[in-house]
Amino acid sequence: MSAILRFLLAIVSLCGLFALPASAEATHVHAELIAEQNGVSADGGTITVALHQVIEPNWHTYWRNPGDAGEPTAITWQLPPGFQAGDIQWPYPTREAVPPLLNFGYSNEVFLLTDIAVPKGLRAGDHVTLKANATWLVCEKICVPEDASLELTLPVVEIGPFPNLQWHEKIEAARRQVPLKSASFPGIFAVQDNTITLFFKPTLDRIEKGEGALFFPFEQGLIKNATQQAAVQADGGFGFRIPVGSAFRDPARANVNKIDGVLVLGLEPKRDGIKQSFEVSLTRGAVPALPVAAASGHVGAGGEAPIGLFTAIGFALLGGLILNLMPCVFPILSMKAIALVRSHHAERPWGDGVAYTLGVLATFAALAAGLMALRSAGEDIGWGFQLQSPLAVAVLAYVLVLVGLDLSGVFEIGGSIQGVGSELSSRNGLVGAFFTGVLAVIVAAPCTAPFMGAAMGFAFTQSPVVIFAVFLTLGFGLALPWLLISLSPHAVALLPKPGPWMVRFKQLLAFPMYGAAAWLIWVLSQQVTPEGLFRVMIGVVALAFAAWGLGVAQARGAEGRSRVTSFIATAIGLALAIGLVAMPFAQASTTSAAVSPASDALSGEPYSEARLADLRGQNKPVLVNLTAAWCITCLYNERVALSSKAVADAFKETNTVYLVGDWTNRNAEIARLLQAHGREGVPLYLYYPPGGEAKILPQMLDEKTVVATLKGESR
Amino acid sequence: MMRLFTVALAVALLSPAAVAAPTVGQPAPEFTAVDSNGASHSLADFKGKIVVLEWTNAECPYTRKHYDSGNMQKLQEDATHAGVVWLSIISSAPGKQGYVTGAEANQLTISRKAHPSAVLLDPAGAIGREYEARTTPQMFVIDRAGVLRYMGAIDDKPVASPASLAGARNYVRAALASVEAGKPVAVASTEPYGCSVKY
């Protein structure tokens with residue numbers, strides 16, 4: 001209501017009713033004209049006059065290029081004969097983020113300077129009145145056009161004029177913020193693949209690294225404004241890579257040859273106070289290749305700070321390391337344990353570690369490529385997509401059962417492992433280690449570990465090279481612990497000596513495999529009809545039969561007896577197993593399958609864009625949980641943080657509506673919501689306070705955080 | 001293994017950017033949205049017709065400049081009489097300025113005497129983000145083949161003052177005339193002006 005009231009007030013002020021002669025009290029901006037000197041000289045000259053705007057906290061007025069929206073402040077002068085006003089000398093602006101948009105403007109207070117030429121021959125003792133009609137737009141959540149008729153009366157003086165003691169310093173400070181016209185920063189720009197590269201090669205004696213530099217173009221539509229600008233050094237200068245603005249998406253305007261604007265240096269906190277700004281001009285030309293760190297992240301939606309490349313790489317490494325601890329990777333680690341113990345006396349244990357690492361990296365590269373190819377084909381998918389296909393889940397379950405059967409001793413993969421430790425350096429061992437790496441990634445992928453979501457979200461706003469860098473770092477993190485152990489003779493020496501215990505240990509390790517297979521079958525139960533689920537389970541039995549047949553064949557072969565019958569059994573089992581999953585699956589209806597992940601204490605409604613908009617329209621608080629059956633982190637959070645009575649009570653008490661978006665199967669609306677918050681995978685927890693911005697909750701939830709968020713007690 | 005990696009990298013580098021921003025001369029981004037009466041519309045439904053997209057926010061002073069003066073309604077009326085599909089799109093998020101329910105949107109159409117073919121509700125801002133809509137008003141003209149022919153401001157006077165309407169050059173009217181006559185659009189893009197879209 002108050003917004004409407006303010007708007008009405010603005011309209012009233014627009015009519016000039018509130019305009020006062022010397023200064024004007026508009027609703028959100030106090031404006032006045034002030035002069036740098038206490039009079040004008042009877043001999044003429046120049047006087048600097050400022051339009052001083054005092055802006056209500058959190059509101060802003062606009063620079064000459066307002067950015068994504070808005071309108072620059074304008075001044076129309078009515079001056080005595082012979083007086084002439086120059087253009088506004090704009091101090092450099094600040095970036096005013098209104099996610100997903102970004103404007104260029106001023107907060108709190110600004111002095112817009114104008115030089116006014118004073119004619120000769122004025123009579124000392126007279127007064128001159130400078131009149132100005134100023135219009136501006138002031139915005140916070142809403143925008144209000146305001147205007148003011150202002151005037152300033154100054155004496156004509158014979159001696160002087162002298163500085164206006166009240167304002168001289170402020171005006172002097174404002175003048176220091178007006179960009180210098182300088183040839184010290186010749187610039188070149190180039191446009192390629194919807195990215196514009198701006199490169200500056202300073203001609204200064206001192207070294208200018210461009211730290212904290214920001215570029216503000218004079219024209220709209222040249223660069224994507226809502227982009228973090230991170231200058232990087234190259235070739236004796238520095239530059240930015242920024243997504244292009246809309247002008248470059250019109251062939252008639254894309255051939256711009258010159259870009260003018262303002263370069264602001266030293267805006268980072270530690271150098272605060274020595275900001276310098278220059279008016280610069282860039283011409284089209286060849287730019288040096290900028291290091292990848294130049295890639296600029298999009299300003300995240302919802303006001304969440306975007307993360308930079310190095311942070312993303314760091315998180316990716318950490319995420320990869322954490323993957324080793326996730327329950328879905330545990331069976332694979334079991335296999336690595338066996339492999340390492342086997343390799344105890346091998347000549348080159350590091351070969352195993354390297355092959356495993358390569359397997360992990362190759363699979364991550366393939367996943368990244370697949371994800372990018374599918375997304376470019378317009379699929380609404382994200383991280384974890386590999387488990388959104390029932391066929392992929394069924395095949396993974398088969399693989400895990402087979403590995404389990406191998407560990408149980410039903411049959412042996414890759415021929416004899418009788419001579420434990422003796423054949424390790426053989427080709428077979430290395431290939432085996434490579435495929436163990438492949439398997440580790442495929443099974444680990446759905447466990448979007450904490451930290452990984454943000455890194456993935458960052459990666460997919462970037463160039464393919466950066467996407468690969470993030471994915472490969474993630475893989476390296478996953479492989480790192482085993483790589484280190486295999487590379488260190490001391491670590492290997494710490495492992496127990498091989499012996500008969502190994503057979504039983506190996507058999508024991510089969511059980512995590514069966515457990516993981518059971519989990520995948522459960523995931524499948526969310527995706528397919530009961531008939532399809534039954535087919536896969538029979539398929540598993542057929543697979544076990546095939547494995548048993550192969551085991552018998554291996555045993556008979558060792559005794560030198562005929563293996564034909566057992567091979568036939570294997571073939572029948574395999575054919576049946578493959579045939580059962582090769583038939584298309586009828587998809588379970590998504591609505592009925594909507595996971596109600598929390599216990600009975602807290603039941604959610606299925607998420608939809610319309611439902612969320614509807615609830616927000618009613619000013620109801622909403623907690624959105626984006627989850628998937630194959631996401632272990634999600635299920636953990638739902639069990640630990642979302643199913644307690646305290647949480648259910650907090651929901652009831654605050655009348656918060658709980659919406660659950662189930663991403664077990666593909667869903668475009670959920671993919672959109674994830675992308676809107678810079679995520680590529682689940683889990684994502686969003687809290688919408690009544691009428692407020694969405695708040696992203698941590699990926700690892702606890703009961704306290706949830707309750708505090710609902711009750712509005714969190715920071 | 002190296003081959004696998006090389007192939008993967010090649011696939012990745014060849015794939016175009018994941019999100020295609022609206023580009024003049026290219027097919028306009030596809031969307032599906034629910035209108036103020038609950039009916040669902042896709043851009044593809046209007047193949048064969050010229051489509052105008054108008055981002056709007058009834059409380060924004062710049063939008064009001066065009067509605068309070070009757071300028072927008074006149075343009076809507078002329079366009080829809082000529083068989084153009086006019087879609088007014090509201091991307092304001094719930095709780096933010098300009099957000100309306102379907103019933104309120106219909107009420108606005110009546111009270112403002114507007115003539116859109118439909119008012120699309122985009123409270124999640126999905127279409128807005130897809131089209132990189134920045135301001136209200138912001139306009140797009142799509143031809144009969146679904147190709148984007150104009151994007152940007154409604155006219156060449158980027159100010160809130162109603163006085164600016166006199167003598168303004170209306171880019172949308174010009175673009176519609178060119179598209180209808182099968183001629184190239186002289187000014188195919190401009191920078192939109194107005195309030196920020198209240199995502």
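Is the crossing of helix 6 of chain A and helix 11 of chain A left-handed or right-handed? The model in which this pair of helices is examined is a predicted one, and in it the crossing of helix 6 of chain A and helix 11 of chain A is left-handed. Helix 6 of chain A spans residues 390-408 and helix 11 of chain A spans residues 501-527, and the two pack with their axes 8 Å apart at an angle of about 165 degrees. Because angles over 145 degrees count as roughly antiparallel, helix 6 of chain A is described as roughly antiparallel to helix 11 of chain A. The residues that form the contact of helix 6 of chain A with helix 11 of chain A divide into 19 nonpolar, 4 polar and 1 charged.

Once its neighbours within four places in sequence are left aside, Leu520(A) is in contact with Val393(A), Leu396(A), Ala397(A) and Leu400(A). In soluble globular proteins, nonpolar side chains tend to be buried together.

The chains can next be taken in turn. Chain A has 715 residues, of which 49% count as buried, and its secondary structure comprises 19 helices and 25 strands. Of the contacts in chain A with a separation of 6 or more, 78% are accounted for by residues 24 or more positions apart. Chain B has 199 residues, and buried residues make up 51% of them, while its secondary structure consists of 6 helices and 9 strands. Among the contacts in chain B between residues at least 6 apart in sequence, 75% join residues at least 24 apart.

There remains the contact between the two chains, which takes 47 residues from chain A and 46 residues from chain B. On the side of chain B that touches chain A, the elements giving two or more residues are helix 1 (2-14), helix 5 (126-130) and strand 9 (195-196) of chain B, and of these helix 1 of chain B gives the most, with 7 residues. Sorted by class, that side of chain B has 30 nonpolar, 10 polar and 6 charged residues.

Key: Residues numbered from 1 in each chain as written. Chains lettered and ligands numbered in written order. Predicted model: local features only at pLDDT ≥ 70, side-chain atom pairs only at ≥ 80, totals over all residues. Helix = DSSP H or I, 4+ residues; strand = E, 2+ residues; numbered from the N terminus. Buried ≥ 20, exposed ≤ 12 C-beta atoms within 10 Å, placed from the backbone. Contact = placed C-beta atoms within 7 Å. Nonpolar A, V, L, I, M, F, W, Y, C, P; charged D, E, K, R; others polar. Axes fitted to C-alpha atoms, helices over the stretch in contact; angles between N-to-C directions. Parallel < 35°, antiparallel > 145°, perpendicular 65-115°, else oblique. Left-handed = near helix turned anticlockwise from the far one by under 90°.
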